Amino acid sequence: GLPLFLSPVLVGAGALAAADHMRFDIGFWVALLACISGDAVWYEMGRSRGDRVLSLLCRISFEPDTCVRKSKVFFEKGAAGTLFFSKWLPGVSHIVPAVAGMSNIGRKQFFITNVSGSALFVLALMLMGYLPVEHMHLMPAVGAIAFEGSLAVLAANVGVKYVQRRR
């Protein structure tokens, strides 16, 4: 349930499955269960504790000042779509289940939409790691550059947000 960047872990799990170091299906089900259980906890906390949970989540967010506003705006545009695609929305994805709980979305609708969206997210990222990179001669070099570049962008984003917050 912690708001962590787990996308690289899912891509790595797909790569491990491609190299026969783990089973793809087991990795998929474990990751899906982790997503669903974490989101279910935040959903129930949002239902029972409302704004207090949202303020806690926003305090640990990269953009605490705009966190509540962004998450509520996404929900106003369409709760089901936001919930389905929430895993793809950095900075908002960890807040959406709590907002869904606060918005009194039914448990059944939440569960079905969350499971569907989480399954798509986990499957897509694991398949990215599962691609046969050993057959693509440029992929190891490009993959390393992309990974290092994404780390640099992430570090810069954290640095900028820290400086903005300090001001």
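**A buried asparagine and its surroundings**

Author: Let's begin with asparagine 114: leaving out residues up to four places away in sequence, asparagine 114 touches Ile36, Asp39, Leu83 and Lys87. Touching, or contact, means heavy atoms within 4.5 Å.

Reader: Which helix does asparagine 114 lie in?

Author: Asparagine 114 is part of helix H7. Helices here are DSSP runs of H or I with at least four residues, strands are E runs of at least two, and both are numbered from the N terminus.

Reader: Is asparagine 114 buried or exposed?

Author: Asparagine 114 is buried, at 3% relative accessible area. Buried means under 20% relative accessible area, exposed means over 50%, and partly exposed is in between, using a 1.4 Å probe and protein chains only.

Reader: Before I go on, what kind of model is this?

Author: It's a predicted model, where local features need pLDDT of at least 70, side-chain atom pairs count only at pLDDT 80 or more, and totals for chains, interfaces and linings use all residues. Residues are numbered from 1 along each chain as its sequence is written, and side-chain values use heavy atoms, with hydrogens and water left out.

Reader: OK, what's the mean pLDDT of the chain?

Author: The mean is 76, and 71% of the residues reach 70 or more; pLDDT is the predictor's confidence in each residue, from 0 to 100. Where pLDDT is low, the predicted coordinates should not be read in detail.

Reader: How many helices and strands are there?

Author: The chain has 8 helices and 0 strands. Of its 167 residues, 32% count as buried.

Reader: Which residues make up the largest nonpolar core?

Author: There are 12: Leu10, Ala13, Phe28, Ala31, Leu32, Cys35, Ile36, Ala119, Phe121, Val122, Leu125 and Met126. Helices H1 (7-18), H2 (24-49) and H7 (107-130) are the elements that each give two or more residues to this core. By nonpolar core I mean a set of buried Ala, Val, Leu, Ile, Met, Phe, Trp, Tyr and Cys residues joined through side-chain atoms within 4.5 Å.

Reader: And what does alanine 13 contact?

Author: Setting aside neighbours within four places in sequence, alanine 13 is in contact with Met22 and Met126. There's also a second, separate core of 7 residues, including Trp42, Leu54, Leu57 and Ala98.

Reader: Back to H1, which of its residues are buried?

Author: Leu10, Ala13, Gly14 and Ala17 are the buried residues of H1. They sit on the same side of H1 because they cover an arc of only 100° around the axis, taken from the directions from the helix axis to the C-beta atoms. H2 and H7 are among what covers them.

Reader: What comes after H1?

Author: Aspartate 20 follows H1, in the loop between H1 and H2. The phi of aspartate 20 is near 60°, a positive value in a residue other than glycine. At 70% relative accessibility, aspartate 20 counts as exposed.

Reader: Last one: where is alanine 34?

Author: Alanine 34 is in helix H2, and at 47% relative accessibility it counts as partly exposed.
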